[in-house]
Amino acid sequence: MSDEPSDPFASKRIPVTGSLHILKDDLTEDFVRASGPGGQNVNKVSTAVQLRFNLAGNETLPQDVKSRAARLAGSRLTLHGEIILQADRFRTRERNREDALERLLELLRKATEKPKPRKATKPTLGSKKRRLDAKKQRGQIKKMRGRAGKLDD
């Protein structure tokens, strides 16, 4: 036996990154019939999985990660704060479960990346000159559109 005390919640954790994890209790799965080709199997067997992750009730993720995850989820986020992912690419339940979980973890990994702050810059002298030259040239083109007998100089 080892001297380290074992973590009673280790089996309930799903690692997202090295330091972040989610709990299996925050996930619920529903199995529904898949659409698309598959013959009689599609009509008889519920192989598609609908994975729900309770983002609002999650206590293991920091608030900034949660807000970025909500933004990334877009229309997959419900009004109750759940992210719903539907997986029906494969013909078996198990593969669809793995696919849905991997897609959720990928979304959460993207949410852990902090966006780089935008640094305001000023236009260069060359770009200002090019802009003014283009405006002058455009003005000359418009000036030439007048009637043939009319001179504006």
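Here are some questions and answers about this predicted model.

User: What pattern of helices and strands does the protein chain follow along the sequence?
Analyst: Start with the parts list: the protein chain has 4 helices and 5 strands. Read along the sequence, they come in the order β-β-β-α-β-α-β-α-α.

User: Why do the buried residues of α2 lie on the same side of the helix?
Analyst: Helix α2 spans residues 63–73, and its buried residues are Val 65, Lys 66, Arg 68, Ala 69 and Ala 73. They end up on the same side of α2 because the arc they cover around the axis is only 165°.

User: Which exposed residues sit on the face of α2 turned away from its buried side?
Analyst: First, the buried side: those residues of α2 pack against β5 (82–87) and α3 (93–112). The face turned away from that side carries two exposed residues, Gln 63 and Arg 71.

User: Which residue just after α2 takes a positive phi?
Analyst: Helix α2 covers residues 63–73, and the residue to look at comes just after it. Its phi is about 60°, and it's Gly 74.

User: Which residue in β5 is the bridge partner of Leu 51?
Analyst: Strand β4 covers residues 48–54 and runs antiparallel to β5, with 6 bridges joining the two. Within β5, Leu 51 has as its bridge partner Leu 85.

User: Which residues make up the uncovered face of β5?
Analyst: In a regular strand, side chains alternate between the two faces of the sheet. In β5, the covered face has Ile 83, Leu 85 and Ala 87. The uncovered face is made up of Glu 82, Ile 84 and Gln 86.

User: Is Leu 105 buried or exposed?
Analyst: Leu 105 is found in helix α3. Its relative accessibility is 6%, and the cut-off for buried is under 20%. So Leu 105 counts as buried.

User: How far apart in space are Leu 105 and Pro 15?
Analyst: Leaving out residues up to four places away in sequence, Leu 105 touches Ile 14, Pro 15, Val 16 and Ile 22. Leu 105 and Pro 15 are 90 residues apart in sequence, yet from C-alpha to C-alpha the distance is 8.4 Å.

Definitions and conventions
Residues numbered from 1 in each chain as written. Predicted model: local features only at pLDDT ≥ 70, side-chain atom pairs only at ≥ 80, totals over all residues. Heavy atoms only, no water. Buried < 20%, exposed > 50% of the residue type's maximum accessible area, 1.4 Å probe, protein only. Arc of directions from axis to C-beta. Contact = heavy atoms within 4.5 Å. Pairing = 2+ DSSP bridges.
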